[in-house]
Amino acid sequence: MIQWVQGMLFLSVLVAFAACDAPPVPLDDIFIEKTFVPEQCGRAVKVGDYVRYHYNGMFPDGKKFDSSYDRGSTYNVFVGKKQLIAGMDKALVGMCVNERSLVKIPPHLAYGKQGYGETIPPDSILHFDVLLLDVWNPEDGVQSNTYHTPSNCSRKVEVSDYVRYHYNGTLLDGTLFDSSHTRMRTYDTYVGIGWLIAGMDQGLLGMCVGEKRIITMPPSLGYGENGDGSDIPGQASLVFDVILLDLHNPRDGITVTNQVVPESCTRKSVAGDFVRYHYNGSLLDGTFFDSSYSRNRTYDTYVGRGYVIAGMDEGLIGVCIGEKRTVIIPPHLGYGEEGTGSKIPGSAVLVFDIDIIDFHNPSDNAVIITIHKPEECDKQTKKGDFVKYHYNASLMDGTSIDSTHNYGKTYNIVLGANQVVPGMEDGLMEMCVGEKRHLVIPPHLGYGERGVTDEVPGSAVLVFDIELVEMEEGLPEGYMFIWNDDVSPDLFTEMDKDKNAEVEPSEFTDYIMQQVNEGKGRLAPGFDPHRIIDNMFSNQDRDGDGKITEAEFKLKADEAGPHDEL
């Protein structure tokens, strides 16, 4: 099809050329009519250059005597070195790539009186329709033209670096011969160690990630005299439009930048800690691949134990809670040559912007800091005491969870009764009324891996600011009721109001409540008194028939041991 179109162009031009009429006298010099001049001419042919061009050769009457198109290959030759007829040597000088000219050459600058065998008679004027496709010089090297420079360039390509880049490869006339974009994958290779053609090895040096440049090379630095046997002809200059996407060296370790460290950092993470953090993950060219924010939950993991990629394992060591940092991870410390499929290509450098929310160690205890302590502190809380306190609860990043002040009332518990998380139990021990404390509670002493739905994230460290408002002394351990006065020697008779030799539940309850109200006895504070009394009754009702006989009562009273409520 190309040859047919070119042939049609040739015929139309030939007719136009013939219509010009030959001069009435023999030509003294060549005559050139430019039929197409490209908008840009980066380089014009000069003596000593090597050119590749197509042509149709014909006589003034339009008869064709030769054509490079018919042979299916360009004509390749040095200019000005007498490898061509003198007229063509002269006509090619000053031409630009993609320029097309009609050239008339008089006999004395062509084949003269001898002609050329049976093809060209003596004293023939020759007409050539010439299209220049390529020009280079043996002294040429690689030419690089950067047309986009990124705003930041912390590093440039050096010998032995590994790069990932996209490219469009064309001949000098713009003919596309290859493109990584059409394959939808980058070209990945080492630079400067012979894995690439020499011109590309040179042309990539000094590039920044995100930079775009045009790399032009002569055939001696490309595919030479033979081309690639397919799309690239021999002796062809090559033009690569390159964008660099990634760059690393196999000797690289992780790089930590953009650190924002909080003013207060009492502790830094170490191997074995459990860390909760948010991150945005991208490739070196800025392509986004993942984010914990999009899932609306932190990434939670042990560090230094191989639970995450090696680069992240290292990048999370030595951080403070609240610290922000950018961690750049080379592929051998990331996802290697294989990548992860669709999101992370093979041999990709990874960039993580991380925000440390909290961390702890499974061996941590609750941190208890006294903020204020009253001058008089004679009575301190202990296990079994009933306490009332206010609190403000938050996560380590300051996110508020809850506050008793929002409800206008205290939170009330019995210490040691497992009514709050273990860390809070510890934090409330040995406190005075009016004392204020700051508690930091690791998750294994808080709400654990599961957290509290929609309130406390899993594995979260908790922060409580507490104030003890009131306390009521509890009973000795193991007791739910004690006597304040001496025990009556005739308890059963006093309980048996109807004198039927049986104590009903109501009689038992009324009697105990009466003792409590009169101050003769005391129930464990913070519990439902009726449940305590029901339990006391069940302990006395040995046969479970719903009433206590004197025999049962006495039998219970005679038992030794610390749990004899009556």
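**Note on aromatic pairs and repeated domains**

1. Tyr-55 counts as buried at 6% relative accessibility; buried means under 20% relative accessible area, exposed over 50% and partly exposed in between, with a 1.4 Å probe and protein chains only. Tyr-53 is also buried, with a relative accessible area of 2%. This is a predicted model, in which local features need pLDDT of at least 70, side-chain atom pairs count only at pLDDT 80 or more, and totals for chains, interfaces and linings use all residues. Residues are numbered from 1 along each chain as its sequence is written, and side-chain values use heavy atoms, with hydrogens and water left out.

2. Rings of Phe, Tyr and Trp (its six-membered ring) pair if their centres lie within 6.5 Å; planes under 30 degrees apart count as stacked, over 60 as edge-to-face and the rest as tilted. The count by this rule is 30 aromatic pairs. In one of them, the ring centres of Tyr-53 and Tyr-55 are 6.0 Å apart and the planes stand at 45°, so the pair is tilted. Both residues belong to one aromatic cluster, together with Phe-59, Phe-65, Tyr-75 and Phe-128.

3. Tyr-167 is buried at a relative accessible area of 6%, and Phe-240 is buried at 6%. Their ring centres lie 5.8 Å apart with planes at 65°, so the pair is edge-to-face. Tyr-167 lies in strand 8 (residues 162-171) and Phe-240 in strand 12 (residues 238-248), so the pair ties together parts that are 73 residues apart in sequence. Helices (H or I, at least four residues) and strands (E, at least two) are DSSP runs, numbered from the N terminus.

4. The UniProt annotation "domain: PPIase FKBP-type", from an unreviewed entry, covers residues 48-136, 160-248, 272-360 and 384-472. UniProt positions follow the numbering used here, feature names are shortened, and annotations may be inferred rather than shown by experiment. Residues 48-136 are 12% helix and 38% strand, with end C-alpha atoms 9 Å apart. For residues 272-360 the figures are 11% helix and 39% strand, and the end C-alpha atoms lie 9 Å apart.

5. Lys-81 lies over the face of Phe-78, 4.5 Å from the ring centre. The rule requires NZ of Lys or CZ of Arg within 6 Å of the ring centre and within 35 degrees of the ring normal. Arg-305 lies over the face of Tyr-302, at 4.7 Å from the ring centre.

6. Asp-290 is in strand 15 (residues 288-291). Leaving out residues up to four places away in sequence, Asp-290 touches Tyr-279, Asn-280, Gly-281 and Arg-295, where contact means heavy atoms within 4.5 Å.
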